[in-house]
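Take a look at it first, then read on.

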Amino acid sequence: MTPRLILGSASPRRLQLLAQIGITPDELRAADIDETPRKDEAPRDYVRRIALAKAAALGAKPGEVLLCADTTVALGRRILGKPEDRDEAARFMRLMSGRRHRVLTAIVLHRDGDSRARLVETQVRMRPIAAAELERYLEIGDWQGKAGAYAIQGAAAAFIPWIQGSFSSVVGLPLAETAAMLASAGIFGKKVQP
Ligand SMILES: Cc1cn([C@H]2C[C@H](O)[C@@H](COP(=O)(O)OP(=O)(O)OP(=O)(O)O)O2)c(=O)[nH]c1=O
């Protein structure tokens, strides 16, 4: 029997990304966990720990497969999470302006008390952003609820001439890796009609 797929996320983007590969979760559950980084925690360790914590907080019942993810922006060893307010969003954008950063997404598949995690890293370059452009960008409000204060699928695309890695991972769920993990658990996308 095909297991029930639970998407452990409140992010509308993760649901849309799954739909893009023909997968509709049977149920949505959202984990409310403390996402504060530990002192001196490396970004890769952080994103993996948070995705695992989301899965542990929700848990999966027998016959269920639970998918959780976490996305964060890493500037060197610095973690840029979701900004608290507009001022913090401005600070993050100024830090990334004219530089490369990494976007890390950890995905976790939890089943029968066992968790498997995978980490996907994508490099993103932002061109230098002028002060007036930044003001206009902050007005749009796209920064809210987004790691690093931007959405590559939104207005910030105007600042991003280059990425290396997985676009869907930057948006919140690396689709090739997610599809492979789900397939190993017996969950496949719908057949595309010819
Ligand atoms: C960098 C970047 C992040 N994001 C989003 C993806 C995630 O929703 C969010 C990072 O926060 P997350 O903590 O990964 O996810 P979430 O709180 O939105 O949802 P949940 O924990 O319930 O799964 O930033 C974009 O949409 N586009 C981008 O380009």
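What follows is a short tour, from the overall layout down to single residues.

## Before we start

This is a predicted model, so a few ground rules apply: local features need pLDDT of at least 70, side-chain atom pairs count only at pLDDT 80 or more, and totals for chains, interfaces and linings use all residues. Residues are numbered from 1 along each chain as its sequence is written.

## The overall layout

The protein has six helices and seven strands. Helices here are DSSP runs of H or I with at least four residues, strands are runs of E with at least two, and both are numbered from the N terminus. Starting at the N terminus, the order is β-α-β-α-β-β-α-β-β-α-β-α-α.

Buried residues make up 35% of the 194 residues. Buried means that 20 or more other C-beta atoms lie within 10 Å of the residue's own; exposed means 12 or fewer, partly exposed is in between, and C-beta atoms are placed from the backbone.

## The core

The largest nonpolar core has 44 residues, and Ala51, Val65 and Leu67 touch the most other members. Such a core is a set of buried Ala, Val, Leu, Ile, Met, Phe, Trp, Tyr and Cys residues joined through C-beta atoms within 7 Å. Strand 3 gives the most to this core, with seven residues.

Leu67 touches Leu5, Leu7, Gly8, Ile107 and Leu109, leaving aside residues up to four places away in sequence. Touching, or being in contact, means that the C-beta atoms, placed from the backbone, lie within 7 Å.

In helix 1, Arg14, Leu17 and Leu18 are buried. They cover an arc of only 100° around the axis, which puts them on the same side of helix 1; the arc is that of the directions from the helix axis to the C-beta atoms. The buried residues of helix 1 pack against strand 1, strand 3, helix 5 and helix 6 (175-184). Just after helix 1, Gly22 has a positive phi of about 75°.

Now for helix 4 (residues 131-140): of its ten residues, the number buried is one, so helix 4 lies largely in the open.

## Around the ligand

Which residues come nearest to the ligand? Of the 24 around it, they are Ser9, Ala10, Ser11, Ile152 and Gly172. A residue counts as near if its C-beta atom, placed from the backbone, lies within 6 Å. Strand 3 turns up here too, with the largest share of the shell, four residues.

Conventions:
Contact = placed C-beta atoms within 7 Å.
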